[in-house]
Each structure stands twice: as C-alpha cells, then as structure tokens.
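The following paragraphs lead the reader through one protein chain. Please keep the sequence and the three-dimensional view at hand while reading.

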Amino acid sequence: MTELLLTLISAALINNLVLQWPLGVDPLLATERRQVHALGMATASLMLIVGVAGYLAYFWLLVPLELTALRLFVFLPLSVLLIAPLLKLLSRLLPKFSFDGLWPLLLGNAGVLGLTLFNAEDDKGFFHATALSLGAGLGFWLVLSLFSDLRQRTFNNDVPLPFRGLPIDLISAGLIAVAFLGFSGLIKT
C-alpha cells in the first residue's frame, strides 16, 4: 500500500509528465482560464481510464498473442475512442463545468499516449499502473492550475513587449519545472 501511495505522489510531483517529460504541453499552453478545471478533470479521468485499459489490453491481449509490436496501434485508437464518451459523461455528471471544445485538447495530449506506453514498459502490476495513471492525471491537473494562475499574474503585470504572449508562458513553464525539481529528493527508491 505504501508503494502505491509513493507511486501516486511520485507521478504527480516528481516524475510529472508535463514538466519532466514534456508530454502534454500543448493543452497547457492552449487552455483558456475558464476551462482549466474542466480540462484537468477530463485529462485526469482520461489518463486513468486509458492507462488502466491500455495496461489490460497490453498484458492480457497483446503479450499472450505475441503482438507487442502493435501496442501503439492499439493504444492510440483506445485513447481517441474514449474521449467523446468521457466528455459526455463528465458533462452530465458535472453540469457546472463547461466541457465544450475540450475534444481537440484531449486528442492532442501526448501525455495520455505516453502514459500508456510507460505502463506497458514497466510490468509492476495492475495496481501500480492504476496509481501511476491517477498520479499522472492529478499531476497534469496541478500543473495546469498552477500555470493558469501564473499566466493570469503575468497578464495583469507590466511585462516587456518582446516577452508578452508565448515567450513569457514558456519562461513561466520553465520556472514551474525548476520549482518542481525541489521535490526530486522527496522519495528515495
């Protein structure tokens, strides 16, 4: 149980898919302020579902049939086909949030596909894959929230003209990544 909790914390803070592995940066830069938490919930849910389903498909279907070379051709349609039903389900369960227009951001999120490939690469068990998927989704949501707040603060401040827009966003993402480096000694394996 302790190992699963450490995996969850490690995936969210230390081995963050957005900051350490630059996967899922595109939705981070393209999100509007009002859709931050909707995108965070949708991405965390999608990472959990696709991560677990991809693990099961890989180790229960592809490995026994010796078709492991086709894992990318299984994981990509799996993640794409689950986006629309997930957004419909979330919009019914949480009508307060606006999930409109999130389909392209979820489709272009390389973090979901990267997570399923990480789960297929390390065979540490089903519960480890579940904890890694949930931690990666929560870590993405945390970085998305922090980055949105930092973007709002830079928007309200006097930023020099050459740094406005994407340059200050990339500098801000780098500063958040440096701040998250402080967590690297948190868990010793």
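**A guided reading of the chain**

Leu 82 is in contact with Leu 46, Ile 49 and Val 50, once its neighbours within four places in sequence are left aside; contact here means heavy atoms within 4.5 Å. The model is a predicted one, in which local features need pLDDT of at least 70 and side-chain atom pairs count only at pLDDT 80 or more, while totals for chains, interfaces and linings use all residues. Residues are numbered from 1 along each chain as its sequence is written, and side-chain values use heavy atoms, with hydrogens and water left out.

Leu 82 itself lies in the loop between H4 and helix H5 (83-93). Its relative accessibility is 26%, so Leu 82 counts as partly exposed; buried stands for under 20% relative accessible area, exposed for over 50%, and partly exposed for what lies in between, with a 1.4 Å probe and protein chains only. From Leu 82 to Gly 114 the sequence separation is 32 residues, and the C-alpha to C-alpha distance is 16 Å.

The chain as a whole contains nine helices and zero strands, and its pattern along the sequence reads α-α-α-α-α-α-α-α-α. The radius of gyration is 17 Å, close to the 16 Å that the globule rule gives for 189 residues, so the chain is as compact as a globular protein of that length. Helices (H or I, at least four residues) and strands (E, at least two) are DSSP runs, numbered from the N terminus. The radius is taken over C-alpha atoms, and the rule is 2.2 Å times the number of residues to the power 0.38. Along its principal axes, the C-alpha trace spans about 60 × 40 × 30 Å.

Of the 189 residues, 40% count as buried. Among contacts between residues at least 6 apart in sequence, 81% join residues at least 24 apart. The accessible surface comes to about 10700 Å², and 68% of it belongs to carbon and sulfur atoms; such areas come from the Shrake-Rupley method with a 1.4 Å probe, and for residues only the protein chains shown count as cover.

The unreviewed UniProt entry places the feature "transmembrane region" at residues 36-63, 70-90, 102-119, 126-147 and 167-187; UniProt positions follow the numbering used here, feature names are shortened, and annotations may be inferred rather than shown by experiment. In the model, residues 102-119 are 83% helix and 0% strand, with end C-alpha atoms 25 Å apart. Residues 126-147 are 100% helix and 0% strand, and their end C-alpha atoms are 31 Å apart.

Helix H7 (residues 110-121) holds Thr 116, and Leu 115 is found in helix H7 as well. Thr 116 is buried, with a relative accessible area of 1%, and Leu 115 counts as buried at 1% relative accessibility. Not counting residues up to four places away in sequence, Thr 116 touches Val 50, Gly 51 and Phe 75. With the corresponding neighbours left out, Leu 115 touches Leu 17, Met 47, Gly 51, Leu 132, Ser 133 and Ala 136. Leu 115 and Gly 137, 22 residues apart in sequence, have C-alpha atoms 9.5 Å apart.

Helix H4 (residues 71-81) contains Pro 77. Pro 77 counts as partly exposed, at 36% relative accessibility. Its C-alpha atom is separated by 10.0 Å from that of Leu 113, which is 36 residues away along the chain.

The last stop is the loop between helix H3 (36-62) and H4, where Glu 66 lies. At 70% relative accessibility, Glu 66 counts as exposed. Its phi is near 55°, a positive value in a residue other than glycine.
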